[in-house]
Amino acid sequence: MTQPVKFYFDFLNQSSRSLYILLEASKIPFEAIPISMVKGEHLTGEFRDKVNRFRKLPAITDQGYQLSESVAIFRHLAREKLVPEHWYPHRYLGRSRIDEYLAWQQSNMAVACTDYFQQKWLVPYLQKTRPSDSAVNVASKQLEHTLNDFEELFLNSRKFMLGDNISYADLSAICEIDQPKCIGFNAFKNRNKLARWYDMVREELGPYYKNVHKEFESKLKLNNGQQQLGEAHALKQ
């Protein structure tokens, strides 16, 4: 009997969210194993030895085979599992277009969204300090530029990036944009195409997206609450 995929994730991580949604929407049997990045659970020797030698999230174990890197995991699932065609279509060079976007994303969208999230939320949370205005300002300018490029290069008059059917490129992109959006960044100011595309992707993903997004927001609020309690305790000492 085929064992379910073991999926190690943290909803604070955008690639974890996109792959979790893909697994659920594709009805791929999987065991969800949450790992806390803010607690450093992915950095332990046990995680390195038993799950992922790179000590990164997300990660999977499939039939005893360990794999990391979100794009590699996505392509593995597309090859080895029954993933619906629209996520990674063969027709009309669909896979080539998705690969092109994912390559661009790794050195552009992911960098900009992650840097803003780290400067505005993660670094202050871990160091129990206020965000650096200068660092946030630099990250914000880079994110503005990247979102402009995304809108110009990848969005058009069609519903989704490849046409009328949603693909993994759309799913991956919306999860990236949610990273800064959920901590207060206005991604849609003067970007009507981006706002329209975002709403259509969110609607198409339905409850799969809604449930995971809710968990992401809950984790942000929970960790914010813990940070505020820590700061109040420090002030009393």
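This is a predicted model: local features need pLDDT of at least 70, side-chain atom pairs count only at pLDDT 80 or more; totals for chains, interfaces and linings use all residues.
Trainee: Which residue joins its side chain to that of Q14 through a polar contact?
Mentor: Leaving aside residues up to four places away in sequence, Q14 touches T114, C175, E176 and Q179. One of these contacts is also a polar contact between side chains, with a length of 3.1 Å, and the partner of Q14 in it is T114.

Trainee: How far apart in space are Q14 and S70, C-alpha to C-alpha?
Mentor: S70 is one of the buried residues of α3, a group that also includes V71, I73, F74, H76, L77 and A78. What covers the buried residues of α3 includes α1, β3, β4, α4 and α7, and α1 is the helix in which Q14 lies. Although 56 residues separate Q14 and S70 in sequence, their C-alpha distance in space is 9.8 Å.

Trainee: Which element gives the largest share of the largest nonpolar core?
Mentor: This core holds 63 residues, and those that touch the most other members are L22, Y101, F150, I177, W197 and L205. Two or more residues come from each of β1, α1, α3, α4, α5, α6, α7 and α8. The largest share, nine residues, is given by α8.

Trainee: Which residues does W197 touch, not counting residues up to four places away in sequence?
Mentor: W197 is among the residues of the largest nonpolar core that touch the most other members, and F150 and I177 are also in that group. With residues up to four places away in sequence set aside, the contacts of W197 are F150, L155, K159, F160, M161, D170, A173, I174 and I177.

Trainee: How many residues form the second, separate core?
Mentor: Among the members of this second core are Y8, I33, V51 and A59.

Trainee: What angle lies between the planes of the aromatic pair Y101 and W104?
Mentor: Both residues lie in helix α4, three residues apart, which is about one turn of the helix. An α-helix has 3.6 residues a turn, so residues three or four places apart point the same way. Y101 is buried at a relative accessible area of 1%, and W104 is buried at 15%. Their rings are 6.0 Å apart centre to centre, and the pair is tilted, with an angle between the planes of 35°.

Trainee: Over the ring of which residue does the charged end of R17 sit?
Mentor: The charged end of R17 is placed 3.7 Å from the centre of the ring in question. That ring belongs to F216.

Trainee: Where is K27 found, given that its phi is positive in a residue other than glycine?
Mentor: The phi of K27 is near 60°, and K27 is exposed, with a relative accessible area of 60%. As for its place in the chain, K27 is found in the loop between α1 and β2.

Trainee: What is the relative accessibility of N190?
Mentor: N190 lies in the loop between α7 and α8, and its phi is positive, about 60°, although N190 is not a glycine. Because exposed means over 50% relative accessible area, N190 counts as exposed, its relative accessibility being 72%.

Conventions. Residues are numbered from 1 along each chain as its sequence is written. Side-chain values use heavy atoms; hydrogens and water are left out. A nonpolar core is a set of buried Ala, Val, Leu, Ile, Met, Phe, Trp, Tyr and Cys residues joined through side-chain atoms within 4.5 Å. Buried means under 20% relative accessible area, exposed over 50%, partly exposed in between (1.4 Å probe, protein chains only). Helices (H or I, at least four residues) and strands (E, at least two) are DSSP runs, numbered from the N terminus. Contact means heavy atoms within 4.5 Å. Rings of Phe, Tyr and Trp (its six-membered ring) pair if their centres lie within 6.5 Å; planes under 30 degrees apart count as stacked, over 60 as edge-to-face and the rest as tilted. A charge sits over a ring if NZ of Lys or CZ of Arg is within 6 Å of the ring centre and within 35 degrees of the ring normal. A polar contact is a pair of N or O atoms within 3.5 Å; within protein, one must be able to donate a hydrogen and the other to accept it, and residues adjacent in sequence count only if both atoms are side-chain atoms.
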